Amino acid sequence: MQVIRRAARDLTSADGVTFVLRDGDQCYYAEENAIAPLWKGMRFPMSACISGWTMLHRQEVVIEDIYADPRIPADAYRPTFVKSLAMVPVRREDPLAAIGAYWASNHKATERELYLLQSLADSTALALANVELYQDLTRKAEEAAGLYQRAQQEIATREQLETELWHAQKMEAIGQLAGGIAHDFNNLLTVICGYSRLALDNARGDENLRRQIEEIGKAGERATSLTRQLLAFSRKQVLQPKVLNLNEVVAQADSMLRRLIGEDIDIVTKLEPNLDPVRFDPGQIDQILMNLAVNARDAMPQGGKLTIETDNIELDEEYARTHADARKGPHVMIAVTDTGTGMDAQTLNRIFEPFFTTKGVGKGTGLGLSTVYGIVKQSGGNIWVYSEPGRGTTFKIYLPCAEEAASPRDRSAGRPPVPLGKGKILVVEDDENVRALIQDVLESGGYTVIATGNPQEALAACDQHAGEIRLLLTDVVMPGMGGRELSEKLVAKWPAMKVVFMSGYTDNAIVHHGVLDPGLHFIEKPILPKVLLERIADFLEAP
């Protein structure tokens with residue numbers, strides 16, 4: 001508007017220029033100026049002022065003596081220096097503004113001055129139209145960008161599900177083959193083991209023959225154990241499930257596990273005291289714990305810590321939608337974490353395949369983890385693994401709660417809906433997909449999110465938003481600089497900033513092998529949207 005006023009003053013001999021806007025059946029001066037310093041923001045009926053008359057009639061007005069013109073209310077310009085004026089409408093389909101030139105003496109605007117004013121008004125109308133067009137195009141571009149982003153996220157989710165489905169189909173095909181082999185091979189083993197036992201009974205007088213037959217029997221027993229594992233992987237074994245509490249099973253297996261893994265590995269348990277029951281074969285739980293413990297022991301040849309945890313978890317619809325074979329609802333989680341050598345991504349993609357092993361020749365069958373996979377799947381659960389080279393490994397098993405424990409009161413119990421949050425949260429996560437998800441979840445919860453992919457970006461963002469960031473949500477393990485070091489740098493400059501760490505490791509495991517100290521806020525991956533919002537709200541409310 002100031003540009004328009006300056007242009008109108010330059011094009012005419014006017015002592016002052018105003019730009020009047022229309023709002024429905026009223027008009028108002030958009031800014032303070034020398035002509036009407038007291039009128040800024042005041043509204044006048046369109047029929048009660050000359051600018052309104054100009055817009056209503058869509059034609060210019062030239063008044064040589066404002067005090068003699070009947071269209072101008074008496075004393076309307078008394079507080080001003082104005083003696084004469086020229087007013088032109090900003091012509092559009094329905095004029096939304098008017099430009100007025102004012103003189104301190106009786107002056108009749110010339111045709112050239114009117115022409116120049118009207119040309120300026122027409123240019124202003126075109127500019128306003130371009131602004132609206134630009135705003136409309138910008139809005140449409142933003143909508144298109146949003147649609148593109150959602151489409152990209154949907155494609156990424158679909159690709160992830162397709163990968164998981166392909167892996168599940170591959171495992172299913174291998175399981176079908178393994179189950180068929182195990183079934184047929186068991187018939188052969190029945191003959192081998194049976195006749196070796198009979199032959200052993202009939203060879204009492206020949207010790208050399210007895211030793212040979214005993215070796216045949218031992219080989220048959222080892223082969224029988226392998227076929228049992230193949231049956232477990234292929235989900236074709238006979239289960240005898242019972243409603244049980246996993247805490248009791250873990251407590252009973254504690255002494256067995258300690259003997260199995262040796263004295264140089266410390267076993268730590270963190271058990272949820274109010275754990276929901278599950279329907280599961282107790283012998284299979286022992287098998288799972290034993291196989292995972294042996295796997296952890298082999299990953300810690302110099303000793304370490306083995307952490308076993310249990311917890312109640314609610315898998316929501318979003319988690320079920322983005323994880324193949326997962327079902328939403330209440331689950332019980334059992335997590336087994338070691339501080340061993342860890343695994344790379346290539347190894348992680350194959351760890352559940354039967355006969356796949358990273359151990360040397362003759363040191364492993366490659367059936368331990370595939371057995372765990374088959375047991376969990378056959379029992380209606382899911383297994384998830386997180387590992388990094390040199391950072392240990394976490395196996396998480398999600399088992400659906402037993403129906404007997406799902407009382408209406410327990411199902412409906414829980415915390416009230418999380419209110420919308422406010423303030424800025426800095427997210428530091430090097431995985432792009434995880435970072436996008438966390439950002440979407442937090443923004444849907446009302447927060448302003450500053451999403452960064454590494455600590456260097458996070459430091460720059462904090463300098464840009466100094467003192468405005470309420471909370472730092474950072475991954476623990478990142479290239480170059482870890483989350484702990486980053487948090488120390490930021491809190492040293494902004495002590496009021498709260499810090500929450502997130503990782504694929506369980507919190508107690510991280511605490512016990514030294515990545516985090518006790519008392520720090522921590523959220524486990526995979527992070528469920530509802531849990532994330534609840535935990536962030538709790539952390540922000542905490543002292």
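**Close-up views of a predicted model**

**View A. Packing of helices α12 and α13.** Helix α12 (residues 455-464) packs against α13 with an angle of about 10° and a distance of 11 Å between the axes. Since angles under 35 degrees count as roughly parallel, α12 is roughly parallel to α13. On the α12 side, the contact is made by P455, A458, L459, C462 and D463. On the α13 side, L486, K489, L490 and K493 take part. The structure shown in this and the following views is a predicted model.

**View B. Salt bridge between E488 and R484 within helix α13.** E488 and R484 form a salt bridge in which the closest N and O atoms are 3.5 Å apart. Both residues belong to helix α13 (residues 483-493), and because they are four residues apart they are separated by about one helical turn. E488 is partly exposed, at 47% relative accessibility. R484 is also partly exposed, at 24% relative accessibility.

**View C. The open sheet of six strands.** The strands follow the order β3-β2-β1-β6-β5-β4, and their pairing is antiparallel. The edges are β3 (43-45) and β4 (61-63); each has a single partner strand, so one side of each has no neighbour in the sheet. On average, neighbouring strands of this sheet are turned by 25° against each other, direction ignored. Strands of a sheet pair through backbone hydrogen bonds, either parallel or antiparallel.

View D. Strand β4 runs antiparallel to β5 (residues 84-89), and three bridges join the two. V61 has M87 of β5 as its bridge partner. Helix α2 (residues 50-57) lies across several strands, β4 and β5 among them, and runs at about 35° to β5. The other strands that α2 lies across are β1 (16-23), β2 (26-29) and β6 (97-103).

**View E. Salt bridge between R43 and D23.** The side chains of R43 and D23 meet in a salt bridge, with an N to O distance of 2.8 Å. This pair links distant parts of the chain, as R43 is in strand β3 and D23 is in strand β1, 20 residues apart. R43 is partly exposed, with 40% relative accessibility. D23 is likewise partly exposed, with a relative accessible area of 39%. The count of salt bridges comes to eight.

**View F. Salt bridge between K328 and E317.** K328 and E317 form a salt bridge through their side chains, at 3.9 Å from N to O. K328 lies in the loop between α7 (317-322) and β11 (329-338), while E317 is in helix α7, so the pair ties together parts that are eleven residues apart in sequence. K328 counts as exposed, at 54% relative accessibility. E317 is exposed as well, with a relative accessible area of 57%. Side chains of opposite charge can pair when their charged atoms come close.

View G. N247 is located in helix α5 (residues 246-261). Its relative accessible area is 12%, so N247 counts as buried. The side chain of N247 reaches the backbone oxygen of E272 at 2.7 Å. Apart from neighbours within four places in sequence, N247 is in contact with L271, E272, L275 and T310.

Notes. Residues numbered from 1 in each chain as written. Predicted model: local features only at pLDDT ≥ 70, side-chain atom pairs only at ≥ 80, totals over all residues. Heavy atoms only, no water. Buried < 20%, exposed > 50% of the residue type's maximum accessible area, 1.4 Å probe, protein only. Polar contact = N/O pair within 3.5 Å; in protein donor to acceptor, adjacent residues only side chain to side chain. Contact = heavy atoms within 4.5 Å. Pairing = 2+ DSSP bridges. Axes fitted to C-alpha atoms, helices over the stretch in contact; angles between N-to-C directions. Salt bridge = Lys/Arg side-chain N within 4 Å of Asp/Glu carboxyl O. Parallel < 35°, antiparallel > 145°, perpendicular 65-115°, else oblique.
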